Amino acid sequence: MVFPHRLGARIPGISAAITIFIFLFLCLHLWDLDDWRGAGHYARQKPHHHHHGEHRHHSHPPLPKRIPRKIWYKLGPKGLSNDAKRWTDSCIQNNTAYKPHFFDDDTADAFVARNFAMRPDLVETYRALTVPILKADLFRYLLLYREGGVWSDLDVSCEGPPIDDWVGPRYKPFAGLVVGWEFDVGWGHNFMRQFASWTFMAVPRLPHLWVVVEDILEAIHGATAEHNVTVAGLTLEMVGDVIDFTGPRRFTGSVFKSLAWTIGRTVDRSGLVGLLEPKLVGDVLILPGYSFAASSNTYDEGDLDRVGPALVKHHYAGSWKNVKGGELL
């Protein structure tokens with residue numbers, strides 16, 4: 001039997017135990033919610049400027065150490081052409097440890113609706129887009145944020161070493177995002193450099209990719225407000241250059257912005273010009289232009305041994321380069 005005076009003595013201990021239990025319960029059950037919305041909250045935070053150019057440090061859930069062995073593709077309404085099948089086969093057959101996944105318009109819509117249900121504004125905006133290239137660009141960032149793996153456009157073939165060898169062992173434990181310059185060597189120091197977006201790799205839940213997503217959403221709603229149209233009424237002419245709006249330059253700028261927030265300083269891009277070997281900045285590994293865009297970079301013959309082999313070849317099918325901004329039936 002527990003007498004009242006003894007029970008009273010135990011109340012502080014019981015209260016402490018209950019408090020600890022509630023705390024652990026919330027940590028365990030709200031972690032997933034934070035995982036879904038935390039990156040979005042992070043992306044919407046504006047950097048708080050301190051003296052000496054420092055920025056507020058943002059903390060995030062720990063990220064996986066390895067990029068998943070998955071290759072992601074997005075089909076247009078015409079499906080897989082003979083050329084695209086040959087190019088995609090070159091990657092799939094030479095990387096049998098990597099599971100290929102092909103999305104069409106319907107399965108992509110369903111993926112976004114299912115996996116980003118906690119952000120109905122995002123789902124609504126994504127599904128309302130009618131310009132195919134804008135939707136395809138946004139999808140690739142959403143997909144790799146959620147799943148990680150390797151994104152590849154349909155007009156990319158694998159020409160060199162297997163994907164497992166794309167990132168050297170000294171970088172693998174640290175690389176959360178792997179990108180390559182599209183235009184670098186031979187373009188001069190004043191040229192605006194951008195990452196190739198036809199091929200890149202990432203771990204799941206990478207905050208840098210969520211910053212890209214949030215910046216695109218902001219740009220979309222800015223354009224709709226400027227032209228007084230709905231998202232569905234947005235046209236290619238209204239958004240200006242796709243490269244800047246959702247494409248490689250948007251991708252590049254948002255990643256560098258996110259890096260500045262996470263490492264606490266602005267990234268000096270001048271040290272990333274004319275790369276002859278990979279460069280790790282925070283958790284972003286930047287490969288020389290030759291890796292993903294050999295035809296767009298001109299090297300001295302003596303430097304080719306240093307930059308390593310071309311990893312992929314982009315065939316520039318350009319299915320989005322028409323007045324509708326996408327493949328037409």
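The expected span of a helix is 1.5 Å times one less than its number of residues. Helices here are DSSP runs of H or I with at least four residues, and strands are E runs of at least two, numbered from the N terminus.

The model is predicted: local features need pLDDT of at least 70, side-chain atom pairs count only at pLDDT 80 or more, and totals for chains, interfaces and linings use all residues. Residues are numbered from 1 along each chain as its sequence is written, and side-chain values use heavy atoms, leaving out hydrogens and water.

**Exercise 1.** Compare the reach of helix α2 with its expected span.

*Solution.* Helix α2 covers residues 82–93, twelve residues. From first C-alpha to last it reaches 16 Å, close to the expected 16 Å.

**Exercise 2.** Describe the lining of the largest cavity.

*Solution.* A cavity is a set of points on a 1 Å grid over the protein atoms alone where a 1.4 Å probe fits but cannot get out; lining residues have an atom within 4 Å of a point. Among the lining residues are Ile71, Cys91, Val150 and Trp166. Strands β1 (70–74), β3 (149–152) and β4 (156–158) each supply at least two lining residues. The lining has nine nonpolar residues (from Ala, Val, Leu, Ile, Met, Phe, Trp, Tyr, Cys and Pro), no charged ones (Asp, Glu, Lys and Arg) and two polar ones (the others, Gly among them).

Note on methods: 1 Å grid on protein atoms, 1.4 Å probe; cavity = no way out; pocket = protein on both sides within 12 Å on 5 of 7 lines; lining within 4 Å.
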